[in-house]
Amino acid sequence: MLIARRARDVTAAEAPLLAAGVPLMATAVRALGTAVAGLLRQRCGRVVGTSVAVLVGSGDNGADALLAGAELARRGVAVIAIRAGSRVHDGAARAAHRTGITLLAPGAAALARAARCDVVLDGVTGIGADGPLRGAGLDVVVGLLAALEAVPRPDRPLVVAVDVPSGIGVDDGTVAGPVLGADRTITMGTAKPGLLLPPAALLAGEVDVVDLGLDLAGAEPAVVRLERADVARLWPVPGPTDHKYTRGVLGVVAGSTGYPGAAVLATSAAAPLVGMVRFLGPDTVVDAVLARHPEVVHGDGRAQAWLVGPGIGVDDGERLAQVREVLERAVAHGLPAVVDAGALEVLPERVGAQVVLTPHAGELARLLGARGEDVAREDVEARPLAHLRRAVALTGATVLLKGAVTLVAGPGTAVHSQADGTAWLATAGAGDVLAGVVGAALAVRSDDVVAEPGLAAPLAAAAAAVHGRAARRASGGGPIVAGDVARAVAATLAEVLRD
Ligand SMILES: NC(=O)C1=CN([C@@H]2O[C@H](COP(=O)(O)OP(=O)(O)OC[C@H]3O[C@@H](n4cnc5c(N)ncnc54)[C@H](O)[C@@H]3O)[C@@H](O)[C@H]2O)[C@@H](O)CC1
Ligand SMILES: Nc1ncnc2c1ncn2[C@@H]1O[C@H](COP(=O)(O)OP(=O)(O)O)[C@@H](O)[C@H]1O
Ligand SMILES: [K+]
């Protein structure tokens with residue numbers, strides 16, 4: 001599990017080690033040097049003779065970057081260093097000087113040179129930053145972003161962020177000013193919330209954590225990300241005494257004459273993962289589902305969890321009447337349920353954490369709007385976690401907010417952030433597939449969720465992880481349709497459970 005801790009917890013954990021003379025900075029610098037050398041080798045096939053530009057802020061983040069620059073210079077890299085703060089760490093400046101690096105003023109000429117290097121190392125600010133970039137740091141980032149515009153995309157440098165991309169909201173993931181988007185972030189000691197929370201997380205690239213030996217046991221995890229082994233631990237494997245009912249039945253109310261495909265996609269994703277799928281819908285939709293999945297059972301009956309809403313429009317009164325009835329019944333019995341798409345319109349005022357809502361940003365704005373909050377989609381996109389928390393507080397539900405990074409939280413649970421997919425997943429119907437996987441995850445652990453509703457959040461996050469991985473598997477780096485993702489779900493789960 002990748003765990004992000006807040007800046008103040010990191011600083012507190014560093015303090016006793018620094019007091020004991022543990023050379024944390026040397027460890028950070030060594031890791032940075034190795035990572036950048038690896039990227040140079042990947043990009044240029046060599047380290048000697050390549051070029052790196054270092055943006056040097058006035059704190060220890062700048063010192064890390066400059067010392068890594070000095071190490072790379074000793075390995076034969078042509079390093080330029082650009083001042084991005086009011087001062088420069090003394091020891092780092094001396095080390096840089098010894099390797100022949102001169103600190104350049106942040107003028108247009110220096111920034112144009114930086115834009116032509118193989119790698120840019122962003123050491124403007126780290127966890128000591130207060131607010132968005134200002135002063136020399138701001139000028140350097142704005143100037144470099146402009147200089148990069150003049151360079152053809154394939155020739156632009158790889159950007160490596162030291163600890164965090166400078167200027168992000170380290171603890172809340174906001175982006176309130178210019179930030180140089182990174183291809184990779186080498187982060188010290190532990191991940192930071194802003195590396196996992198959108199929109200800042202989208203500027204961090206791949207995140208590598210450098211072990212500094214910090215004791216963070218007492219620090220409350222701010223955000224967590226499930227990795228393969230975590231998903232495997234959450235997902236039950238049937239045993240010899242299981243039968244279809246003990247494995248779990250998922251009841252599905254999905255699809256409409258306008259959108260029959262959503263029902264097919266949701267059931268395609270769920271059917272292999274559960275003991276049985278029970279389906280309720282209009283005849284034409286039932287026919288479409290059964291044509292693809294003869295194993296789906298048509299008609300009402302007992303289920304361990306319900307999925308309602310995929311392919312049902314917000315103004316489809318007839319379908320919503322059925323959704324409302326099923327949902328009220330599920331809530332009355334305390335059963336886990338997934339409430340997706342149009343079904344969000346008929347969500348009872350208060351539900352328990354065993355009910356998982358799966359809105360995208362627009363739907364979350366609408367859900368909050370219906371509860372008296374004045375929120376637009378853009379507000380949700382700018383501060384997704386804050387709005388997700390608000391929805392949790394107002395409904396009592398677990399909320400899964402879909403996006404390039406998917407966030408999940410329930411009342412009192414950890415915040416989960418999953419980014420397992422690919423941008424090729426931004427395709428119609430992908431959300432219906434996700435709803436099917438979340439429904440399945442709740443159905444196969446229904447008893448556990450009823451006993452401990454807080455489990456719905458990690459299960460929904462695990463489902464998002466399987467969905468994202470299925471998309472990557474189906475895509476192989478190229479275009480996909482949602483049906484490809486649904487078809488890849490079973491093999492993806494097998495792979496998750498096998499490794
Ligand atoms: N303390 C340590 O031993 C270690 C520190 N490490 C590095 O040190 C960093 C923290 O260093 P610091 O506490 O010195 O802080 P930072 O270097 O993150 O930032 C503080 C400096 O940036 C300036 N600054 C603050 N807010 C700004 C803003 N909004 N715009 C522009 N400039 C701003 C301040 O004037 C100050 O000089 C970590 O992020 C990490 O990179 C790592 O080397 C691990 C070990
Ligand atoms: N840029 C992206 N990168 C990765 N995943 C994405 C991206 N955009 C959307 N997704 C994922 O694709 C799915 C889209 O769902 P949704 O918005 O409900 O679409 P639809 O209603 O067409 O099914 C979600 O699971 C979301 O997390
Ligand atoms: K930085």
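The model is a predicted one, and its domain assignment gives domain 1 (2-222) and domain 2 (228-498). The centres of domain 1 and domain 2, taken over C-alpha atoms, are separated by 38 Å. Two ligands are treated below, with 28 residues surrounding ligand 1 and 17 residues surrounding ligand 2.

**Domains and their contact**

- Contact between the two domains involves 10 residues of domain 1 and 11 residues of domain 2; on the side of domain 1 that touches domain 2, seven of the residues are nonpolar, two are polar and one is charged.

**The largest nonpolar core**

- The largest nonpolar core has 186 residues, and within it A460 and V485 are the residues that touch the most other members.
- Helix α18 (residues 456-475) supplies the largest share of this core, namely 13 residues.
- Because domain 1 (2-222) and domain 2 (228-498) both give residues to this core, it lies between them.
- When residues up to four places away in sequence are left out, V485 touches L425, A430, V433, H467, A470, A471, A474 and I480.

**The seven-stranded sheet**

- An open sheet is formed by seven strands in the order β4-β3-β2-β5-β6-β7-β8, and the pairing is parallel.
- The edge strands of this sheet are β4 (103-104) and β8, each of which pairs on one side only.
- Inside that order, strand β2 (residues 51-56) and strand β5 (residues 119-123) run parallel and are joined by five bridges, and the bridge partner of A53 in β5 is V120.

- Strand β11 (residues 276-280) is largely enclosed by the rest of the structure, because five of its five residues are buried.
- M276, R278 and L280 point one way from β11, whereas V277 and F279 point the other way, and all of them are buried.
- In a regular strand, side chains alternate between the two faces of the sheet.
- Strand β10 (residues 249-253) runs parallel to β11 and is joined to it by five bridges; in β11, V277 is the bridge partner of L250.

**The shell around ligand 1**

- Among the 28 residues that surround ligand 1, the closest are G59, D60, N61, G126 and G128.
- Two or more residues of this shell come from each of the elements α1 (7-19), α2 (24-44), α3 (60-74) and α6 (135-149), and α3 gives the most, with four residues.
- By residue class, the shell around ligand 1 divides into 10 nonpolar, 12 polar and six charged residues.

**The shell around ligand 2**

- Of the 17 residues that surround ligand 2, the closest are K402, A404, A426, A430 and G431.
- Helix α16 (residues 430-444) gives the most to the shell around ligand 2, with four residues.
- The shell around ligand 2 is made up of seven nonpolar, eight polar and two charged residues.

- Most residues other than glycine have a negative phi, and most peptide bonds are trans.
- P198 and P199 are joined by a cis peptide bond, with omega about 0 degrees, and P199 has its place in the loop between α7 (193-196) and β8 (206-210).
- D163 is not a glycine and yet has a positive phi of about 70 degrees; D163 is found in the loop between β6 (158-162) and β7 (184-188).
- Since 20 or more neighbours are needed for a buried residue, D163 counts as buried because 29 C-beta neighbours lie inside 10 Å.
- A341, likewise a residue other than glycine, has a positive phi near 50 degrees and lies in the loop between β14 (337-339) and β15 (355-357).
- A341 is buried, because 25 other C-beta atoms are within 10 Å.

**Arginine 389**

- R389 has its place in helix α15 (residues 384-395), and R389 counts as partly exposed because 16 C-beta neighbours lie inside 10 Å.
- R389 and V408 are 19 residues apart in sequence, while their C-alpha atoms are 9.4 Å apart in space.

Note on methods
Residues numbered from 1 in each chain as written. Chains lettered and ligands numbered in written order. Predicted model: local features only at pLDDT ≥ 70, side-chain atom pairs only at ≥ 80, totals over all residues. Domains from an automatic or database assignment. Contact = placed C-beta atoms within 7 Å. Nonpolar A, V, L, I, M, F, W, Y, C, P; charged D, E, K, R; others polar. Core = buried A, V, L, I, M, F, W, Y, C linked by C-beta atoms within 7 Å. Buried ≥ 20, exposed ≤ 12 C-beta atoms within 10 Å, placed from the backbone. Near = placed C-beta within 6 Å. Pairing = 2+ DSSP bridges.
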